[in-house]
Amino acid sequence: PRTLFPYTTLFRSAVEQGYLQLLDNVFDSGVAFSAIGASFAVQPVAGGPIDERFVDFVYQPIKDDHGNVTAIFVEGADVTVRVNADVALRESEARLRLVIEGAKDYAILTTDLEGRISTWSKGAESIFGWTAKEIIGLKSALLFSADDRACGIDVQERTIATREGSAADERWHVRKDGEYVYLNGSVHPLPLDAAGQPQGFLKIARNETSRRRAETLRESLVSLADRFRGLSDPTDITVAAAELRSEEHTSELQSQ
């Protein structure tokens, strides 16, 4: 009868894919068998396309008082939607990792609620000089200048991000070797965990050291032009040049 065709088709598919043999093994051994996300190919129409489904199932032997298997309890569920969603998520995460690892001009890191670094991208390693092994578990405050740490800037960023959803982070930061880099980025709270509790923060910042230094040089040249405009006395020019050089040196130290 036509109504039996799907069942005979499924039974034939189960035999061909070894599921009936598994059932026999459970009957002979008396040991239960279960599977999570097992592949099961279905061909709804003879000669038509094959549809791959995924199932969770269990073969549970039922025994009599003497321990002999008399029947097998079979329970299963179609979990194709869940499995496909998991595959899509893993693929998305893999693509995201490729993007993150390829973003050499961006420092991407996460911290816990107290600011301890929990993940560290290749870009962060390139910009700051610390490897992930060296820096994970340390406080992100070490990336800030001494003045910013004294002002609690790192804590303020997390506080603002928690309150407003993000916090701007555009300032000079400190490398492992003591050199300074200028970063332009932001801090965001991580998604809540399964229990609805905060997990920490994500920080993404672009290395704009070259741009900032170029701007500083341009500002110095403008200042130089303003200071020398209208000066004609050699003594005044000498004094102005000395003052300018002193201010430039002070500015360089502050930027470091």
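Reader: How many cavities of 30 Å³ or more does a search of the whole structure find?
Author: The model is a predicted one. Searching the whole structure for cavities of 30 Å³ or more gives a count of 1.

Reader: Which elements each supply at least two residues of the lining of the largest cavity?
Author: The lining includes Leu109, Thr111, Asp154, Glu157, Arg158, Phe201, Leu202 and Lys203. By class, the lining has 5 nonpolar, 2 polar and 4 charged residues. The elements that each give at least two lining residues are strand S4 (106-111), helix H7 (153-164) and strand S8 (201-207).

Reader: Which residue in S8 is the bridge partner of Thr111?
Author: S4 and S8 run antiparallel and are joined by 6 bridges. Thr111 is one of the residues lining the largest cavity. Its bridge partner in S8 is Phe201.

Reader: In what order do the 5 strands of the open sheet stand?
Author: Pairing in this open sheet is antiparallel. From one strand to the next the twist averages 25 degrees. The order is S5-S4-S8-S7-S6.

Reader: At what angle to S6 does H7 run?
Author: H7 lies across S4, S6, strand S7 (180-189) and S8. H7 also supplies at least two residues of the lining of the largest cavity. Relative to S6, the helix H7 runs at about 160 degrees.

Reader: Which residue in the turn of the S6 and S7 hairpin has a positive phi?
Author: S6 and S7 pair in the antiparallel sense over 8 bridges. Across this pairing, Asp169 stands opposite Gly185 in S7. The hairpin has 5 residues between its strands, and the one in the turn with a positive phi, of about 90 degrees, is Gly178.

Reader: What kind of aromatic pair do Tyr19 and Phe40 form?
Author: The structure holds 7 aromatic pairs. For Tyr19 and Phe40 the rings are 5.4 Å centre to centre, with 45 degrees between the planes. Planes under 30 degrees apart would count as stacked and those over 60 as edge-to-face, so the class that remains is tilted.

Reader: How many residues apart in sequence are the parts that the pair of Tyr19 and Phe40 ties together?
Author: Tyr19 lies in helix H2 (residues 19-29), whereas Phe40 lies in strand S1 (residues 33-42). The pair therefore ties together parts whose separation in sequence is 21 residues.

Conventions
Residues numbered from 1 in each chain as written. Predicted model: local features only at pLDDT ≥ 70, side-chain atom pairs only at ≥ 80, totals over all residues. Heavy atoms only, no water. 1 Å grid on protein atoms, 1.4 Å probe; cavity = no way out; pocket = protein on both sides within 12 Å on 5 of 7 lines; lining within 4 Å. Points joined across faces, edges and corners; volume = space filled by probe spheres on them. Helix = DSSP H or I, 4+ residues; strand = E, 2+ residues; numbered from the N terminus. Nonpolar A, V, L, I, M, F, W, Y, C, P; charged D, E, K, R; others polar. Pairing = 2+ DSSP bridges. Axes fitted to C-alpha atoms, helices over the stretch in contact; angles between N-to-C directions. Contact = heavy atoms within 4.5 Å. Phe/Tyr/Trp six-rings, centres within 6.5 Å; stacked < 30°, edge-to-face > 60°.
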